[in-house]
Amino acid sequence: QVQVVESGGGLVQPGGSLRLSCAASGAIFRIYVMGWYRQAPGKQRELVATITSGGDTNYADFVKGRFTISRDVAKKLVYLQMNSLKPEDTAVYYCNFGLQWSSSIRPSDYWGQGTQVTVSS
């Protein structure tokens with residue numbers, strides 16, 4: 001059974017930085033893509049950034065130049081470095097792994113439970 005667990009959220013002042021980490025565990029055959037999403041109160045979940053196992057990245061326009069996604073595929077880890085944080089970045093941040101846990105099973109999405117990020121003075 002695959003499990004995904006995020007860590008690193010918290011309270012930070014505007015202009016500050018946080019680093020989120022996410023680890024996948026369990027029997028994993030192949031990881032295709034990893035990503036971070038967020039959901040603010042009253043809003044839909046939205047993409048923040050994704051990175052493929054090959055290292056190709058994609059960012060939402062509202063985080064370009066401020067956030068950096070990175071990964072260690074062998075260790076099944078993905079990170080999100082968040083700089084120049086703004087109050088509007090306040091949300092629950094979710095980690096996602098697109099993977100196969102068996103060569104005979106189609107790829108599926110696996111989500112973490114989320115970690116709260118609050119940007120406030």
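The legends below describe close-up views of a predicted model.

**View 1. The disulfide between Cys22 and Cys95.**
The model contains 1 disulfide. In general terms, a disulfide is a covalent bond between the sulfur atoms of two cysteines. Here the partners are Cys22 and Cys95, with their sulfur atoms 2.1 Å apart. Cys22 belongs to strand 3 (residues 18-25) and Cys95 to strand 9 (residues 91-100), so the pair links distant parts of the chain, 73 residues apart. The disulfide is left-handed because the torsion about the S-S bond of Cys22 and Cys95 is about -90 degrees. Are the two cysteines buried or exposed? Cys22 has a relative accessible area of 1% and is therefore buried. Cys95, with a relative accessible area of 0%, is buried as well.

**View 2. Gly9 in the loop between strand 1 and strand 2.**
Gly9 lies in the loop that connects strand 1 (3-7) and strand 2 (10-12). Its relative accessibility is 32%, so Gly9 counts as partly exposed. Which residues does Gly9 touch, leaving aside those up to four places away in sequence? The residues in contact with Gly9 are Leu18, Leu20, Thr115, Gln116 and Val117. Between Gly9 and Lys75 the separation is 66 residues in sequence and 21 Å in space, taken from C-alpha to C-alpha.

**View 3. The largest nonpolar core.**
This core has 31 residues, and those that touch the most other members are Trp36, Val78, Leu80, Met82, Tyr93 and Phe97. At least two residues of the core come from each of strand 3, strand 4 (30-39), strand 5 (46-52), strand 7, strand 8 (77-82), strand 9 and strand 11 (115-119). Which strand supplies the largest share of the core? Strand 9 does, with 5 residues. Apart from residues up to four places away in sequence, Tyr93 touches several residues, among them Leu20, Trp36, Val48, Phe67, Leu80, Met82 and Val117.

**View 4. Strand 4 and its partners.**
Strand 4 and strand 9 run antiparallel and are joined by 9 bridges. In this pairing, Val33 is placed opposite Gly98 in strand 9. Strand 4 also pairs with strand 5 in the antiparallel sense, over 6 bridges. Here Tyr37 is placed opposite Leu47 in strand 5. The hairpin of strand 4 and strand 5 has 6 residues between the strands, and Gly42 in this hairpin takes a positive phi near 80 degrees.

Arg38 is part of strand 4. Is Arg38 buried or exposed? With a relative accessible area of 6%, Arg38 is buried, because the cut-off for this class is under 20%. The side chain of Arg38 makes a polar contact of 2.9 Å with the side chain of Tyr93. Not counting residues up to four places away in sequence, the contacts of Arg38 include Arg45, Glu46, Phe62, Glu88, Asp89 and Tyr93.

**View 5. Strand 11 and its two faces.**
Which residues form the covered face of strand 11? Thr115, Val117 and Val119 form the covered face, whereas Gln116 and Thr118 form the uncovered one. Strand 11 pairs with strand 2 in the parallel sense over 3 bridges. In that pairing, Gly10 is placed opposite Val117 in strand 11. Strand 9 pairs with strand 11 in the antiparallel sense, over 3 bridges. Here Ala91 is placed opposite Val117.

Technical notes
Residues are numbered from 1 along each chain as its sequence is written. This is a predicted model: local features need pLDDT of at least 70, side-chain atom pairs count only at pLDDT 80 or more; totals for chains, interfaces and linings use all residues. Side-chain values use heavy atoms; hydrogens and water are left out. A disulfide is a pair of cysteine sulfur atoms within 2.5 Å. Helices (H or I, at least four residues) and strands (E, at least two) are DSSP runs, numbered from the N terminus. Buried means under 20% relative accessible area, exposed over 50%, partly exposed in between (1.4 Å probe, protein chains only). Contact means heavy atoms within 4.5 Å. A nonpolar core is a set of buried Ala, Val, Leu, Ile, Met, Phe, Trp, Tyr and Cys residues joined through side-chain atoms within 4.5 Å. Two strands pair if DSSP finds at least two bridges between them. A polar contact is a pair of N or O atoms within 3.5 Å; within protein, one must be able to donate a hydrogen and the other to accept it, and residues adjacent in sequence count only if both atoms are side-chain atoms.
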